[in-house]
Amino acid sequence: MSNRAMQAVTYAEKQPEYFALARREIGPLLPEKMDHVLEVGCGAGGTLSWLKASRSVSYAAGVELMPSAAERARAVCDEIVVGDVERVTLPFAPGSFDLILALDVLEHLVDPWSAVRRLHGLLRPGGYLIASVPNVAHYSVSLPLLRGRWNYVRSGILDGTHLRF
């Protein structure tokens, strides 16, 4: 798929499984205490569902851009905010969360730095923010780059909806 074709790709074109993944690989990074958890880009709630089932999470909230995915997340979340985390008013009081997750979200934002500052204010003292971004040094990107190719795709490291690396 050419870069020009990828410019037209939107979240609405993503397959439902794009929003369903539970990010269990964060397990070793999780704090012991995490009663109140917020996930930005919670998709259909897979990760929050896993956390509620495996940890002592008493309150799970999510922010999700896509209404169809957010609707699916309502089944596992105590509260869902539908909208762009950079634009929507978040209804949470400062210091509300023990843990905030932004897993492969920041690269989709116009101003991720402001979003992180805003989210930081929602953390309790001693709270954690766990964020991940794609590894553009991965061989699947770096080898083609050596050949002069940087081709966006529908999902993955070079997802066509990424704005930052």
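Contact here means heavy atoms within 4.5 Å.

**Figure 1. The whole chain, shown as a predicted model.** Among contacts with a separation of 6 or more, 63% join residues 24 or more positions apart. The chain holds five helices and five strands. Read from the N terminus, the elements follow the pattern α-β-α-β-α-β-β-α-β-α. Of the 165 residues in the chain, 43% are buried. The exposed surface comes to about 9,000 Å². Carbon and sulfur atoms supply 56% of that surface.

**Figure 2. The open sheet of five strands.** The strand order is β3-β2-β1-β4-β5, and the pairing is parallel. β3 (79–82) and β5 are the edge strands, each with pairing on one side only. On average, neighbouring strands are turned by 15° against each other, direction ignored. Strands of a sheet pair through backbone hydrogen bonds, in either a parallel or an antiparallel sense.

**Figure 3. Strand β4 (residues 97–103) and its cover.** How many of the seven residues of β4 are buried? Seven of the seven are, so the strand is largely enclosed by the rest of the structure. The cut-off for buried is under 20% relative accessible area.

**Figure 4. β4 between its two partners, β1 and β5.** On one side is strand β1 (residues 36–40), which runs parallel to β4 and is joined to it by three bridges. Look for Glu 39, which stands opposite Leu 101 of β4. Strand β5 (residues 123–132) also pairs with β4 in the parallel sense, here over six bridges. Two residue pairs mark this pairing. Ile 100 stands opposite Leu 129 in β5. Leu 103 has Ser 132 of β5 as its bridge partner.

**Figure 5. The β-α-β unit of β4, helix α4 and β5.** The unit is right-handed. Its helix, α4, spans residues 112–120. α4 lies across β1, β4 and β5. Its angle to β5 is about 150°.

**Figure 6. Asp 104 in the loop between β4 and α4.** Asp 104 is not a glycine, yet its phi is positive, at about 55°. Is Asp 104 buried, exposed or partly exposed? The relative accessible area of Asp 104 is 28%. Buried means under 20% and exposed means over 50%, so a residue in between counts as partly exposed. Asp 104 is therefore partly exposed.

Figure 7. Which residues of α4 are buried? They are Pro 112, Ala 115 and Leu 119. These residues cover an arc of only 60° around the axis, which means that they sit on the same side of α4. The cover over the buried residues of α4 includes β1, β4 and β5. Now turn to the face directed away from the buried side.

Definitions and conventions
Residues numbered from 1 in each chain as written. Predicted model: local features only at pLDDT ≥ 70, side-chain atom pairs only at ≥ 80, totals over all residues. Heavy atoms only, no water. Buried < 20%, exposed > 50% of the residue type's maximum accessible area, 1.4 Å probe, protein only. Helix = DSSP H or I, 4+ residues; strand = E, 2+ residues; numbered from the N terminus. Pairing = 2+ DSSP bridges. Right-handed = clockwise from strand over helix to strand, strands pointing away. Arc of directions from axis to C-beta. Areas by Shrake-Rupley, 256 points an atom, 1.4 Å probe, with all protein chains shown as cover. Axes fitted to C-alpha atoms, helices over the stretch in contact; angles between N-to-C directions.
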